[in-house]
Amino acid sequence: ALYISGPDVTELYIRPQFLWLAVPLFLYWVARVWLLAHRGQLEDDPVVFALRDPNSYVIGFLVALLAALAGM
């Protein structure tokens, strides 16, 4: 969120408002990792978890799509 509020974003992206939609996606992913860790279901490093988790791929795709839309 701090990056999106910065002055350089308007120079890099045509429609930076699309980047705000990525913030809830990141919050969802982090909260999910915390919840799984609290339940003892996160056995690996978070990076390893992200590479094996199908939900992480969906969130990553959506964030990439939002970045592409912001740059168009």
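User: How much space lies in the largest pocket?

Analyst: The general idea is that rolling a probe the size of a water molecule over the atoms shows where empty space is left. In this model, which is predicted, the largest pocket holds about 150 Å³ of space.

User: Which residues line the largest pocket, and which element gives the largest share of the lining?

Analyst: The lining is made by A1, Y3, I4, Y13, L19, A22, V23, F26, V63 and A67. Two or more of the lining residues come from each of α1 (2–5), α3 and α5, and the largest share, three residues, belongs to α3. By class, the lining has 10 nonpolar residues, with no polar and no charged ones.

User: With which residue does R32 form a salt bridge?

Analyst: Side chains of opposite charge can pair when their charged atoms come close. Here R32 pairs with D53, and their closest N and O atoms are 2.7 Å apart.

User: Is D53 buried or exposed?

Analyst: D53 counts as buried, because its relative accessibility is 7% and the cut-off for buried is under 20%.

User: Which residues make the nonpolar surface patch?

Analyst: V58, F61, L62 and L65 make this patch, which covers about 360 Å². One of them, L62, lies in helix α5 and, at 31% relative accessibility, counts as partly exposed.

Terms used. Residues are numbered from 1 along each chain as its sequence is written. This is a predicted model: local features need pLDDT of at least 70, side-chain atom pairs count only at pLDDT 80 or more; totals for chains, interfaces and linings use all residues. Side-chain values use heavy atoms; hydrogens and water are left out. A salt bridge is a side-chain nitrogen of Lys or Arg within 4 Å of a carboxyl oxygen of Asp or Glu. Buried means under 20% relative accessible area, exposed over 50%, partly exposed in between (1.4 Å probe, protein chains only). Patches are made of residues with over 30% relative accessible area and no salt bridge: like charges are joined within 9 Å, nonpolar side chains (Val, Leu, Ile, Met, Phe, Trp, Tyr) within 5 Å. Accessible areas come from the Shrake-Rupley method with a 1.4 Å probe; for residues, only the protein chains shown count as cover. Helices (H or I, at least four residues) and strands (E, at least two) are DSSP runs, numbered from the N terminus. On a 1 Å grid over the protein atoms alone, a cavity is a set of points where a 1.4 Å probe fits but cannot get out, and a pocket is an open set with protein on both sides within 12 Å along at least five of seven lines; lining residues have an atom within 4 Å of a point. Grid points are joined across faces, edges and corners, and a volume is the space filled by probe spheres set on the points. Ala, Val, Leu, Ile, Met, Phe, Trp, Tyr, Cys and Pro count as nonpolar, Asp, Glu, Lys and Arg as charged, and the others, Gly among them, as polar.
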